[in-house]
Amino acid sequence: MRYTDIAIIGGGLAGSTAAAMLGRAGIPTVLVDPHQDYPFDFRVEKIGGDLQLARFARTGIADSVLRSATLDGENWIARFGYLLDRQPSRQHGIMYDALIGAIRNEVAGSAEFICDKVVNIATSSERQKLVLSGGEEISARLVVLANGLNVGLRRMLGIERLITSHCHSISFGFDFVPVGRPAFPFAAMTYFSERPSDRIPYITLFPVENRMRANLFTYRQADDPWVRAMRRNPVETLNAALPRLRRLTGEFDVAGDIKIRPADIYVSTGYRQAGVALVGDAFASTCPVTGTGTDKVFTDVAQLCNVHIPAWLSTDGMGEEKITAYYDDPVKTACDAWSNAKAFNFREVSIGSGPYWQAQRWARFLGYLGRGTLRRLQGSPAAPSMTQPATHFRQRPHAADRA
Ligand SMILES: Cc1cc2nc3c(=O)[nH]c(=O)nc-3n(C[C@H](O)[C@H](O)[C@H](O)COP(=O)(O)OP(=O)(O)OC[C@H]3O[C@@H](n4cnc5c(N)ncnc54)[C@H](O)[C@@H]3O)c2cc1C
């Protein structure tokens with residue numbers, strides 16, 4: 001039997017971040033995950049925006065982790081084939097396996113990694129017991145359950161999942177390459193839908209190392225023939241759905257595999273229990289379209305590791321009344337509510353019918369146009385003219401040059 005204060009089940013974004021934080025804080029911690037190196041997985045591929053970066057910063061590892069990412073510097077905002085704004089941007093592109101690898105490099109001090117799978121769990125208000133597939137047993141004061149979408153261990157604890165929106169959205173990830181030119185004219189671009197009937201909120205193009213990565217989002221069902229068409233003929237299908245995108249990108253191709261991922265929105269139930277705290281996707285999912293999954297992960301982990309765990313360890317026991325303080329934490333509940341509301345609101349703004357949602361779409365369009373025009377009038381050399389899409393094609397500097 002191995003004894004520790006904290007046992008973390010799952011070394012994805014939430015679990016690895018928690019282990020790095022607790023190791024730095026000198027709290028004895030064991031992180032268990034079946035993969036020594038995180039395998040390729042289509043999940044978040046960029047971290048950015050002031051709010052998300054501020055949330056990441058609260059974990060204390062953001063600066064060193066983001067050194068492995070590719071900063072865009074500027075993001076074009078476009079719709080209907082027109083460039084509306086060239087926003088200064090701090091999107092950091094990084095594939096999920098590389099992101100988790102960079103975070104795990106920060107796991108040190110009093111935290112150690114065990115490459116194994118947890119197959120059994122028993123909790124109480126004193127000590128928690130885990131059994132690993134190799135037969136090893138771990139006794140911990142607290143279990144942090146960070147095993148993402150997996151339901152097996154949660155069921156053992158009587159924790160269920162309530163799906164609030166089945167197949168809320170489908171995400172596509174692929175490499176987007178210029179045809180007949182060495183590079184695109186932009187570092188990054190967010191291109192919003194041309195018609196609500198296409199059920200595409202937006203496509204985001206952003207650099208990851210020396211590639212241009214595309215994340216395309218749709219509000220469609222998994223058996224929709226459009227999804228099949230996108231897999232088989234991505235360029236033709238994309239051009240049919242967003243016919244004026246090419247005005248800004250020029251001719252393009254899709255290289256390599258297309259990753260397709262439907263997402264349900266769910267929240268766990270029955271989680272208020274002694275001895276165990278759920279973080280990240282293990283607690284609740286959100287919609288990838290809104291890009292708030294990592295906000296939730298960083299908020300859960302920062303509140304748990306900065307605020308609650310140090311307080312809980314300072315007194316005996318790990319009863320339900322202690323754990324409840326984390327689920328009722330106002331910072332966590334506000335972030336969860338914001339993320340959930342955004343998932344449903346974004347869907348309506350993108351595809352909702354009726355005058356209210358049409359007005360919302362136009363308001364957003366005019367907002368971006370207004371900000372872009374203001375930036376241009378203020379003399380920013382990068383600012384666009386709506387009627388004159390850029391005609392030059394610049395070579396993007398390599399990630400290392402921008403760092
Ligand atoms: C297609 C897609 C695109 C997304 N895009 C964005 C975006 O742009 N922005 C954003 O903010 N969010 C995005 N998200 C959400 C974000 O990726 C997730 O919220 C986040 O990755 C969840 O991390 P996690 O650590 O909770 O789960 P995971 O990363 O899934 O980690 C779970 C870990 O648990 C381990 N595990 C499972 N069972 C066991 C066991 N029995 N024993 C030990 N270990 C176990 C697994 O091996 C895994 O390492 C996206 C999600 C998807 C699906």
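Helix axes are lines fitted to C-alpha atoms over the stretch in contact, and the angles between N-to-C directions run from 0 to 180 degrees. I took helices as DSSP runs (H or I, at least four residues), numbered from the N terminus.

**Entry: the model.** I am working with a predicted model, where local features need pLDDT of at least 70 and side-chain atom pairs count only at pLDDT 80 or more, while totals for chains, interfaces and linings use all residues. Residues are numbered from 1 along each chain as its sequence is written, and side-chain values use heavy atoms, with hydrogens and water left out.

**Entry: α1 and α4.** I looked up helix α1 (residues 13-24) against helix α4 (residues 96-104): their axes come within 9 Å and cross at roughly 15°. That makes α1 roughly parallel to α4 (angles under 35 degrees). The crossing is left-handed, meaning that the near helix is turned anticlockwise from the far one by less than a right angle. For contacts (heavy atoms within 4.5 Å) I found Leu13, Ser16, Thr17 and Ala20 of α1 meeting Tyr96, Leu99, Ile100, Ile103 and Arg104 of α4. By class, this contact has 6 nonpolar, 2 polar and 1 charged residues. The classes count Ala, Val, Leu, Ile, Met, Phe, Trp, Tyr, Cys and Pro as nonpolar, Asp, Glu, Lys and Arg as charged, and the others, Gly among them, as polar.

**Entry: α2 and α9.** I then checked helix α2 (residues 50-57) and helix α9 (residues 293-313), whose axes come within 8 Å and cross at roughly 30°. That makes α2 roughly parallel to α9. α2 passes α9 in a left-handed crossing. In α2, Leu51, Gln52, Arg55 and Phe56 meet Thr294, Asp295, Phe298 and Thr299 in α9. I recorded 3 nonpolar, 3 polar and 2 charged residues for the contact of α2 with α9.

**Entry: the ligand.** I listed 33 residues around the ligand (a heavy atom within 4 Å), the closest being Ala14, Asp33, Tyr96, Asp281 and Thr294. I also looked for polar contacts (pairs of N or O atoms within 3.5 Å). A backbone N or O atom of Asp281 is 2.9 Å from a ligand oxygen, and a polar backbone atom of Gly291 is 3.1 Å from a ligand oxygen. For Gln52, a side-chain N or O atom is 3.4 Å from an oxygen atom of the ligand.

**Entry: α11 and α12.** Last, I looked at helix α11 (residues 330-351) and helix α12 (residues 355-377), which pack at an angle of about 90° with axes 7 Å apart. That makes α11 roughly perpendicular to α12 (65 to 115 degrees). The contact of α11 with α12 has 4 nonpolar, 3 polar and 3 charged residues.

Note on methods. Helix = DSSP H or I, 4+ residues; strand = E, 2+ residues; numbered from the N terminus. Parallel < 35°, antiparallel > 145°, perpendicular 65-115°, else oblique. Polar contact = N/O pair within 3.5 Å; in protein donor to acceptor, adjacent residues only side chain to side chain.
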